[in-house]
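Welcome, and thanks for taking a look at this one with me. Below are some numbered notes to read alongside the structure.

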Amino acid sequence: RRGRGGGGGFGAVVEKETKTNAKKVEPSLPDVPPWAPVDLLAFEKSVLGFYVSSHPLNDHRDSLARFGNTTIADIQKLAGGVEVVVGGMLTRVKTVITKNGRSAGQKMAMIAIDDGAAHIEGVAFAETYATFAPLLTSDRVVFIKGKVDRKRESPNIIVNEVIDAKQAAQELAQSVRIILRDSHEGTKRSSDQGADEEDQSVYNGSLRKLKELLRQAAANGSGGSCEVFIEIHQAGQVVTLRVQGLRVKADGDLPARVATVLGTPDCCELMGPPRLMRGTSASRVMHDDSVSQQRIMPASEEEYCASIDRY
């Protein structure tokens with residue numbers, strides 16, 4: 001039965017609940033900075049088991065191609081004992097205890113590395129593992145230096161050295177390629193004599209500044225590690241100069257500093273070891289000098305200078 005009076009019915013209860021709900025305010029979300037890309041990828045992998053927004057290798061594609069001397073796919077065709085430098089992401093790191101030999105009782109590691117197109121397994125024996133253990137962690141992008149081992153059905157790598165991908169320029173660069181272009185190339189000049197005098201002034205000024213920068217790079221490096229090649233483009237001709245008597249210590253910002261001094265973007269690049277190429281059989285392997293020549297000395301003519309002081 002419906003109760004007496006106007007305040008005790010079902011309609012009054014609904015009206016009271018509606019008023020109560022109307023007063024509720026949804027809490028606002030806190031204003032927090034977004035995750036760093038590396039943290040975002042780590043959380044995606046932890047929660048989902050795979051990457052969604054990107055992939056850790058995407059930021060290292062150029063470095064993997066520049067500083068490796070082969071790819072993981074090409075290792076399948078290389079002979080045993082060939083020394084390789086290959087980059088990729090460590091997808092598995094399993095430590096085991098050595099049971100025999102002089103390293104008995106010490107840790108070693110079985111690894112797998114993937115460059116986005118193929119993967120390969122490897123082994124870091126006790127001494128190597130003890131040296132590079134901090135770098136042997138899953139999902140880290142690294143370069144592996146080692147030898148091809150073909151004692152099993154599928155080849156693997158005996159690891160001798162591990163290099164963090166962020167240190168690839170300092171550790172793996174073997175040469176520096178600097179391009180000088182005629183700023184008036186392709187334009188008409190008033191006279192050949194005036195053009196020659198202007199070109200000489202332009203190149204001498206550029207080389208004076210460049211010489212000082214390279215001297216500092218050599219002085220700051222402990223002994224130096226990279227040869228320097230200067231590639232001059234003028235009047236449709238290309239000449240490459242190998243600067244003898246000068247080796248510089250490469251670091252990641254050297255190309256940017258050279259570009260600033262010369263006022264030309266993308267005029268300097270660090271080059272890694274020569275690429276390996278395979279012959280018709282797995283037992284025949286050679287350095288692909290044609291690739292390195294294309295990357296370092298594309299000109300048909302090469303001149304050697306005893307010192308950059310000539311300029």
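1. A salt bridge here is a side-chain nitrogen of Lys or Arg within 4 Å of a carboxyl oxygen of Asp or Glu. By this rule the protein has 10 salt bridges. Please keep in mind as you read that the model is predicted.

2. Let me start with the overall picture. The protein chain contains nine helices and 12 strands. Of its 311 residues, 38% are buried. If you take the contacts between residues at least 6 apart in sequence, 63% of them join residues at least 24 apart. The accessible surface comes to about 18900 Å², and carbon and sulfur atoms account for 50% of that area.

3. Asp 62 and Arg 66 form a salt bridge, with their closest N and O atoms 3.3 Å apart. Why is this pair separated by about one helical turn? Asp 62 and Arg 66 are four residues apart in helix H3, which means that about one turn of the helix lies between them.

4. Glu 269 is partly exposed, its relative accessible area being 22%.

5. Which residues are linked in a network of salt bridges? The network holds Asp 62, Arg 66, Arg 177, Glu 231 and Glu 269.

6. Another salt bridge to find is the one between Arg 257 and Asp 251, where the closest N and O atoms are 3.4 Å apart. Both partners are partly exposed: Arg 257 has a relative accessible area of 28%, and Asp 251 has one of 22%.

7. Next, the strand pairing around E5 (residues 156–164). Strand E3 (residues 119–124) runs parallel to strand E5, and two bridges join them. Within this pairing, Val 123 has Ile 158 of E5 as its bridge partner. On the other hand, strand E4 (residues 141–149) runs antiparallel to E5, with eight bridges joining the two. Here Val 148 is the bridge partner of Ile 157 in E5. How many residues lie between E4 and E5 in the hairpin they form? There are six residues between these two strands.

8. Ala 235 is not a glycine, yet its phi is positive, at about 50°. You will find Ala 235 in the loop between strand E7 (226–234) and strand E8 (237–248). With a relative accessibility of 64%, Ala 235 counts as exposed. Asp 266 is not a glycine either, and its phi is positive at about 55°. Asp 266 is placed in the loop between helix H8 (254–262) and strand E9. Its relative accessible area is 73%, so Asp 266 is exposed.

9. Loop residues can also be buried here, as Ser 103 shows. Ser 103 lies in the loop between strand E1 (83–97) and strand E2 (107–114). Its relative accessible area is 17%, and because buried means under 20%, Ser 103 falls into that class. Which residues does Ser 103 contact once its neighbours within four places in sequence are left aside? The answer is Thr 98 and Ala 126.

10. Finally, please visit Asp 59, in the loop between helix H2 (37–48) and helix H3 (61–67). Asp 59 has 69% relative accessibility and therefore counts as exposed. Asp 59 and Val 141 are 82 residues apart along the chain, and their C-alpha atoms are separated by 9.9 Å.

Notes
Residues numbered from 1 in each chain as written. Predicted model: local features only at pLDDT ≥ 70, side-chain atom pairs only at ≥ 80, totals over all residues. Heavy atoms only, no water. Buried < 20%, exposed > 50% of the residue type's maximum accessible area, 1.4 Å probe, protein only. Contact = heavy atoms within 4.5 Å. Areas by Shrake-Rupley, 256 points an atom, 1.4 Å probe, with all protein chains shown as cover. Pairing = 2+ DSSP bridges.
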